[in-house]
Amino acid sequence: MILKPEWANARRLKPWTIGVICVTHLLALAAPFSFTWTGLAMFVVMYWITGALGITLCYHRLLTHRSYKTPKFVEYALTFFACSALQGGPISWVAAHRLHHKESDQEKDPHTPAEGFLWSHILWNFFNIPQFERYEEFRHMARDLDRDPVHRFYEAMFFPIWLGIAVAMFGIGFAFGGWKLGLSLVVWGCFLRTISVWHSTWLVNSATHLWGYRRYLTADNSRNNWWVALVTFGEGWHNNHHADQRSAAHGHKWYEVDMTYWTINVMKWVGLARDVVTPKSKRISKDAADEEASTLVA
Ligand SMILES: [Zn+2]
Ligand SMILES: [Zn+2]
């Protein structure tokens, strides 16, 4: 049974969003007929650039939770990658995700599975969230980004950016291999890749609030789920994340593989990330150690 919250009525439907999601899924159906090895390679590279670097590393861990600091030019480049995932601009994405943390699995959570799996996975995208109907209403949830003209530009331009990527995919393929390669790159590198990153991100909203183990007794129903972690570069350790939202590491044990945290460490190593927030357990033990040290000095 498909459930949905009371506020999700016909008046709140987003016809443009519904149209874009449906048309992109239909276009992705051309994948078996346009397969090339170059197209598959482009799919993998673009999945990583837009899903791992864009959504996970940038929208989630950098812009929403400020789990690490990076120079502005890196932040803006990563935001470009995130816009190319076609999941909305930085201000609306961050505002919706902060609302999810504030109201997790409660009535105002935009995508709780308490309203049904399909609701939390995809259907919530089809409706205007009551608090987010107008820009003026949701921007206060991401005021830090709203103050930045570059992020306001991205907020307005994410769809043309995605369209530009689609055109570029076709153009590159056409230039090097004619129609066949042009179609292969646009279908595999853009349409199929876009719906794949959508569904992997949506699994964090649906599956990791339904299936998996709970390390921490959080007030919500978040779970740690290894197969979601695998396709989302570490986002599946969602119960850990709800328990310690600021930590840059979502995997809290050695077997909880978190590729995004590896990326942050590489960035730190080459001087592109600093003030990386460590898990609370380590923060607490470090504070305790500092306190002990100051006591000893005193
Ligand atoms: Zn959650
Ligand atoms: Zn989060």
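# A chat about a chain of helices

Visitor: Where does Asp 275 sit?
Guide: Asp 275 is in the loop between α11 (259–269) and α12 (280–297). Those labels are DSSP runs numbered from the N terminus, with helices being H or I over at least four residues and strands being E over at least two.

Visitor: Before I go on, what am I looking at, and how are things numbered?
Guide: It's a predicted model, where local features need pLDDT of at least 70 and side-chain atom pairs count only at pLDDT 80 or more, while totals for chains, interfaces and linings use all residues. Residues are numbered from 1 along each chain as its sequence is written, and chains are lettered from A and ligands numbered from 1 in the order in which they are written.

Visitor: Back to Asp 275: why does it count as exposed?
Guide: Asp 275 counts as exposed because it has 11 C-beta neighbours inside 10 Å. The rule goes by other C-beta atoms within 10 Å, placed from the backbone: 20 or more is buried, 12 or fewer is exposed, and in between is partly exposed.

Visitor: And what is its phi?
Guide: Phi of Asp 275 is near 50 degrees, which is positive in a residue other than glycine. Phe 233 has a positive phi too, about 60 degrees, and is not a glycine either.

Visitor: Where is Phe 233 found?
Guide: Phe 233 is in the loop between α9 (226–231) and α10 (238–243). Phe 233 counts as buried because 24 C-beta neighbours lie inside 10 Å.

Visitor: What about Val 231, which helix is that in?
Guide: Val 231 is in helix α9. With 17 other C-beta atoms within 10 Å, Val 231 is partly exposed. Val 231 and Tyr 47 are 184 residues apart in sequence, and their C-alpha atoms are 9.9 Å apart in space.

Visitor: Let's zoom out. How many helices and strands are there?
Guide: The protein chain has twelve helices and zero strands.

Visitor: How does the radius of gyration compare with a compact globule?
Guide: The two agree, because a compact globule of 298 residues would have a radius of gyration near 19 Å and the protein chain has 20 Å. That radius is taken over C-alpha atoms, and the globule rule is 2.2 Å times the number of residues to the power 0.38. Along the principal axes, the C-alpha atoms fill a box of roughly 75 × 50 × 40 Å.

Visitor: What share of the residues is buried?
Guide: Buried residues make up 42% of the 298 in the protein chain. As for contacts (C-beta atoms, placed from the backbone, within 7 Å), take those between residues at least 6 apart in sequence: 67% of them join residues at least 24 apart.

Visitor: Okay, new topic. Where is the kink in α2 centred?
Guide: The kink in helix α2 (residues 37–64) is centred on Cys 58 and is about 40 degrees. A bend at a residue is the angle between axes fitted to the seven residues ending there and the seven starting there.

Visitor: How many residues of α2 are buried?
Guide: In α2, 20 of the 28 residues are buried, so the helix is mostly covered. Just after α2, Arg 66 takes a positive phi of about 45 degrees.

Visitor: At what angle do α3 and α8 cross?
Guide: The axes of α3 (residues 72–83) and α8 (residues 149–205) cross at roughly 35 degrees and come within 9 Å. Axes here are lines fitted to C-alpha atoms, for helices over the stretch in contact, with angles from 0 to 180 degrees between N-to-C directions.

Visitor: Which residues meet there?
Guide: From α3 you have Tyr 76, Thr 79, Phe 80 and Cys 83, and the α8 residues they meet include Tyr 154, Phe 158 and Trp 162. The residues of this contact divide into eight nonpolar, two polar and no charged.

Visitor: Last one: what does Ala 95 touch?
Guide: Not counting residues up to four places away in sequence, Ala 95 touches Phe 132, Phe 138, Arg 139, Met 141 and Ala 142. Ala 95 lies in helix α4 (residues 90–102) and counts as buried, with 27 C-beta neighbours inside 10 Å.

Conventions:
Contact = placed C-beta atoms within 7 Å. Nonpolar A, V, L, I, M, F, W, Y, C, P; charged D, E, K, R; others polar.
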